Amino acid sequence: MSRRRLLGTAGAAGATGLVLGAAGGATGYAATRDEAPAALTSVGSTEVMFHGKHQPGITTPLQARGHLIAFDLAPGAGRKEAAALMRRWSATAERLMTGEPVTGGSADGTGHDTGIALDAGPSSLTVTFGFGATFFERTGLKGHRPPGLDPLPPFSADHLDAGRSNGDLWVQIGADDALVAFHALRAVQKEAAATATVRWQMDGFNRTPGATAKPMTARNLMGQIDGTGNPKPDDSDFDKRLFVAAGAGDAAYDWLAGGSYAVVRRIRMLLDDWEKLPVERQERVIGRRKADGAPLSGGTETTEMDLDRAGPDGKLLIPDNAHARISSPERNSGAAMLRRPFSYHDGIASDGGPDAGLLFICWQADPLRGFVPVQRKLDRGDALSPFLRHEASGLFAVPGGAAQGEYVGQRLLES
Ligand code: HEM
């Protein structure tokens, strides 16, 4: 039975399974095991749509596992080869996101799926594709390179490794199951075949769904609740902030309508230093309480920060250099972005500290009105900066979602 078929029956079987599990216990389960497929849990069965106005993996809830991988086109590969690759990748992403194996005629010529994700459902898999500035030169499409891809300015806190930065093509993979995510990563790598070679790859994680009693904003490796101030889908300007509007500029950039820009920063956390700070100091660095994410000006996590409120000693409750104050839209002419990161941990670095931190990914309709002004300001006096090191950076234009029968980037590559 194909995995899709299994999923198709999982809803009904799931309900039955639940009843049997409660009433019939182990015997009930054994009696049905041979006839009916076992139900997938909600984690396994959750499916994200591949087709749509926007690509998946932008507003999709954070997944437990992530892989970021950048490729450069191989010597001799140009627009035609890039188009064929995007067509292959899109078809595979669509299949894998429904829980199907890679098709029989897999691009690496072996004709079979690796089997890594067999037995698992889609597990909220998303695969998202982006183009770096250099992609446009390599494909002869320079005239279609949008101004939003102009290189990010340098920042004083940068310790960037060029080999782990940028790239012609970028793929973000997220899933709530580690094997499902790795399966997709292998498929994407293998299908790049002779067209594109891996430039860098980074692996990340978030909290596993179901690990907390109720859905909560995620925590990062510094222990902070991280993501509270993100734009919300029901904000009236949510789409405008995140996605490039149709007809927004020169017709040469029309292909990016419904798309977005991803700024990717590998930010190492100097955890040995951070963890030496008493919790009250850590809270003043951010401007929010560690336990529940509430602003130091009072209330609960969702209470708006009162940036002017002072304590009995006359000092601001949310300090002048607190990260949440400096990065807030109020202090940045409304600049906002959707932060959708993964944590990472790659063992111990050469300095003896954990090589761990945040694969910071933020989404916006225009990096010059999102990431850039905010990072400029943070760079000048954020209380968090002494505990961070920006080690790699990428900026990618992420086309809108593919319509049925279309592949991602088709409107650019066939323009
Ligand atoms: C490892 C690095 C970073 C850590 C650990 C971190 C952590 C946090 C935390 C704990 C908050 C408060 C809760 C929340 O609103 O999400 C926050 C808010 C925020 N951060 Fe960061 N951050 C980091 C890097 C950055 C960078 C590089 C930027 C952008 C250039 C940024 C932009 C923001 C924004 C826009 C907010 C929301 C402010 C608001 O709405 O009031 N952060 N961050």
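**Gly223.** I started with Gly223, which I found in the loop between strand S4 (196-205) and helix H7 (238-242). Helices here are DSSP runs of H or I with at least four residues, strands are runs of E with at least two, and both are numbered from the N terminus. I noted that this is a predicted model, where local features need pLDDT of at least 70, side-chain atom pairs count only at pLDDT 80 or more, and totals for chains, interfaces and linings use all residues. Residues are numbered from 1 along each chain as its sequence is written.

**Whole chain.** I listed twelve helices and nine strands for the protein chain. Of its 415 residues, 43% are buried. Its mean pLDDT (the predictor's confidence in each residue, from 0 to 100) is 90, and 89% of the residues reach 70 or more. Residues 1-33 are another matter: the pLDDT there is below 50, and the stretch has 33 contacts in the model beyond near neighbours in sequence. A contact means C-beta atoms, placed from the backbone, within 7 Å.

**Core.** The largest nonpolar core has 92 residues, and Val127, Ala184 and Val188 have the most contacts inside it. (Such a core is a set of buried Ala, Val, Leu, Ile, Met, Phe, Trp, Tyr and Cys residues joined through C-beta atoms within 7 Å.) I followed up Ala184: leaving out residues up to four places away in sequence, it touches Leu96, Leu125, Val127, Ile173 and Ala175.

**Ligand and H11.** Which residues come nearest to the ligand? Of the 25 around it, I noted Gln224, Gly229, Ser327, Ser328 and Gln375. H11 gives the largest share of the shell, four residues. Then I looked at H11 itself, where Phe371, Val372, Val374, Gln375 and Leu378 are buried. They line one face of the helix, because down its axis they fall within an arc of 165°, taken from the directions from the helix axis to the C-beta atoms. Their cover includes S5, H10 and S8.

Methods: Near = placed C-beta within 6 Å. Buried ≥ 20, exposed ≤ 12 C-beta atoms within 10 Å, placed from the backbone. Contact = placed C-beta atoms within 7 Å.
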